[in-house]
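This report concerns the charged side chains of a protein model. Please consult the sequence and the structure below.

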Amino acid sequence: MQKRLLIVSNRLPLTIEKKENEYQSRQSSGGLISAVEAYLNGDGKEVFSERIWAGVPGVAEQEWDKIDLTQSDYHYLPVFPNEEEYEQYYNGFSNSLLWPLFHYFPSFADYDPSFFEAYINVNKTFCRELSSEIRAGDVIWIHDYHLLPLAGMLREKFPDLTIGLFLHIPFPSYELFRVIPKRWQKAMLEGMLGADLIGFHTSEYVAHFLKTVDMTLKTAHDDQYIQWGNRQVQVDAFPISINFDLFNDAFDHPGVGSLRQKYQQMKDRKKMIFSVDRLDYTKGIYNRLIAYERFLQQYPEYKGNIVFVLVIVPSRDTITKYSEKKKLIDEYIGNLNSSMGNISWQPVIYQYDHLDFNELVALYATCDVALITPLRDGMNLVSKEFIATRKDEKGVLILSEMAGAAAELKDALLINPNDADEIAEMIAIGLGMSEDEQRTRMQSMRHLVQKYDVNTWAVDFFGQLDQVKALQLKFEVKFLDNFARAVMLGDYGSSYRRLFLLDYDGTLVNFSKDPSKASPPLELLQLLERLSDVPNNDVYIVSGRDSGTLGKWLGHLPIGLIAEHGAKTRMNGGKWMNEALSESVSWKEKIEKIMEHYVFRSPNSFIEKKDFSLAWHYRNADPFLANRRAKDLHEELVEYTLQMPLDVLNGHKVIEVRNKGINKGLATARILDATEYDFILCAGDDQTDEDMFKVLARNQAAYTVKVGHQPSFAEYNLYTPFLVSSLLESICDG
Ligand code: GDG
């Protein structure tokens, strides 16, 4: 079934010009629009029936109405934020805080609180406009750092909406992100998690994001999915690419051919270096010039025999940091040309203006070296465009290892943009490279860019978006609503013999940082007493805790206690019975030693020692570190216990080792073998409770309840222990 695609970006991909009172518009030629075009005219044609683009048009509302857009391929949804707010959102929060910080320029960041307020308000304006357009079944594709909170805002209004978010710039390490005020951090991260799929350029940015979410929001995740509320959010790397065919075919295009000839004549016998960037301090233009001067000093034979064509496209020049950089660059070029050049030779040919497409491609095709030296760059499309253009398999790419593209383009000459000597040396190596080596490197990079072009990029993104939606449906959390509750109470009322299997921590009481302090409050004790007082009600607390603690806290009640996941049982104040043989715990000493090593390596983790099991708890440790250690410990224990009659359990912030054949499921089965029940209520929050849910899965009399949002073998979810208590209250009230 075809769907509607709503693309959302800060600006609409339109250039609007006023000529003699008439407004004319043409589609812009930026990286995003050509990426989207390539996909929508390729595989996307089959998937999306209608394309709507939402963004700020760059003209006032009255002027917008006068523009004729009937010929356009898109239906445009213009967003008109308040002008002053837009300025603070765009030049302020987006480009004077997020942009510098995410590109590792923390000293350039401006933390003006009014920028943040404006950022949120403009995002709300986007949300409002989109809300009036969105229909069931639509797919929303949000782009970039200007709109990080938007997905969360839309999710509140449209819980089932399909939302993808793609970040075009790097996601920085947690150490940098955390310098942002906490409230702002949360607004952005929680907003991003409103999406179903969050895409980044590289796996490094994915790792940074996961750690940041971990540290800031304390969520559960594996390497790919974050459990957020009742949804799974997928996070993945989708290295953006370009329309390979467009650049490849342009090489032979007649318009490009004549320009190539022109540039070739201009170049004559000289070598040519080319670079093109938007004006931006992240692009390393200044460093590039220093390195070029160093090259001319170290390899003087190139003086008079080389030309560096440097094109800078005007961008954000109303922001001080940008205009300052522009001034420095202008001065540097002036000095370099006057100090090194002469009447017949200028080392740098400099243009501060946009190139049209044919000029751009002709320069890619004519140069000997493309010199791309960003200090940080999310991906860098120029490098890929250069490669796609070089149908002749000639030319050398010198690329900064700080660009996302460096992770893919391993056959480029990779440089550190802060190392002028290294860049100078690489320029010399590049200029002297044999045609054979140029061809070998070009072939391999062209193959890569052709294979993972922008169409593949988008197909991959939307494929994953479909998959995560399917996964969410599969694991849809089934909240125990009023209707199900009424049915349950009815069944309880008409039953004869009833069983209650209740986990303790996280089910009857909230999870506590210090387990020894989670003793039952008086209301809970009274509730359990009332429940067990009803004739023919058998109440069991089924816990992983040791028998001593359970006995101390709950031993005076007329209920059954099951300790250490079923290793020990005690009925209504009687004696503890061992289900495990006491001689079978000789393994504990060695396992404790292994665990001690992890306590040492993860501050604030600790070992809980029980009669038949040992548990390493890491709930109070640094989540990022401890999650990694937990993975390692789990692997080490599984390997160590391979030939032993032991189980290694991965619980909620705990790794536990215990004798095989002991788990809550077997304990449940023993109770069911002994007595026949026609009403069972079983509640638990942890992985170890899943064993009970599995045993009860086909039992017609059983209601199973997972406490929390996570998917489970249980039939229903209740979000908190408070709701479990309230359910038990209703049962007691009849
Ligand atoms: C952001 C991220 C990420 C440039 N000058 C002219 C011109 N361009 C075109 C290039 C290329 C695009 O603009 C620039 O893309 P980059 O990727 O190099 O850089 P950003 O603009 O900073 O883009 C970046 C990108 O988003 C995509 O996710 O790769 O890391 O910062 O397509 O060709 N095009 C024409 N004339 C010019 O003078 N025609």
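This is a predicted model: local features need pLDDT of at least 70, side-chain atom pairs count only at pLDDT 80 or more; totals for chains, interfaces and linings use all residues.

## Salt bridges

The structure contains 37 salt bridges. One of them pairs Arg4 with Glu133, with the closest N and O atoms 3.2 Å apart. This pair connects distant parts of the chain, 129 residues apart: Arg4 belongs to strand β1 (residues 3-11), and Glu133 to the loop between α5 (113-131) and β6 (139-143). Both Arg4 and Glu133 are buried.

A network of salt bridges links Arg155, Asp196, Arg231 and Lys469.

Asp280 and Arg278 form a salt bridge with an N to O distance of 3.4 Å. Asp280 has a relative accessible area of 2% and is therefore buried, whereas Arg278, at 28%, is partly exposed.

In the salt bridge between Asp392 and Arg390, the closest N and O atoms are 3.1 Å apart. Here Asp392 is partly exposed, because its relative accessibility is 25%, while Arg390 is buried at 3%.

## Polar contacts of Asp503

Asp503 is located in the loop between β18 (498-502) and α20 (522-533). With a relative accessibility of 5%, Asp503 counts as buried. Its side chain makes a polar contact of 2.8 Å with the side chain of Thr507 and another, of 3.0 Å, with that of Lys664.

## A negative surface patch

Asp632, Glu635, Glu636 and Glu639 form a negative surface patch. Of these residues, Glu636 lies in helix α23 (residues 623-640). Glu636 has a relative accessibility of 32%, so this residue counts as partly exposed.

Note on methods
Residues are numbered from 1 along each chain as its sequence is written. Side-chain values use heavy atoms; hydrogens and water are left out. Patches are made of residues with over 30% relative accessible area and no salt bridge: like charges are joined within 9 Å, nonpolar side chains (Val, Leu, Ile, Met, Phe, Trp, Tyr) within 5 Å. Accessible areas come from the Shrake-Rupley method with a 1.4 Å probe; for residues, only the protein chains shown count as cover. A salt bridge is a side-chain nitrogen of Lys or Arg within 4 Å of a carboxyl oxygen of Asp or Glu. Lys and Arg count as positive and Asp and Glu as negative; His and the chain ends are not counted. The place of a charge is taken as NZ of Lys, CZ of Arg, CG of Asp or CD of Glu. Helices (H or I, at least four residues) and strands (E, at least two) are DSSP runs, numbered from the N terminus. Buried means under 20% relative accessible area, exposed over 50%, partly exposed in between (1.4 Å probe, protein chains only). A polar contact is a pair of N or O atoms within 3.5 Å; within protein, one must be able to donate a hydrogen and the other to accept it, and residues adjacent in sequence count only if both atoms are side-chain atoms.
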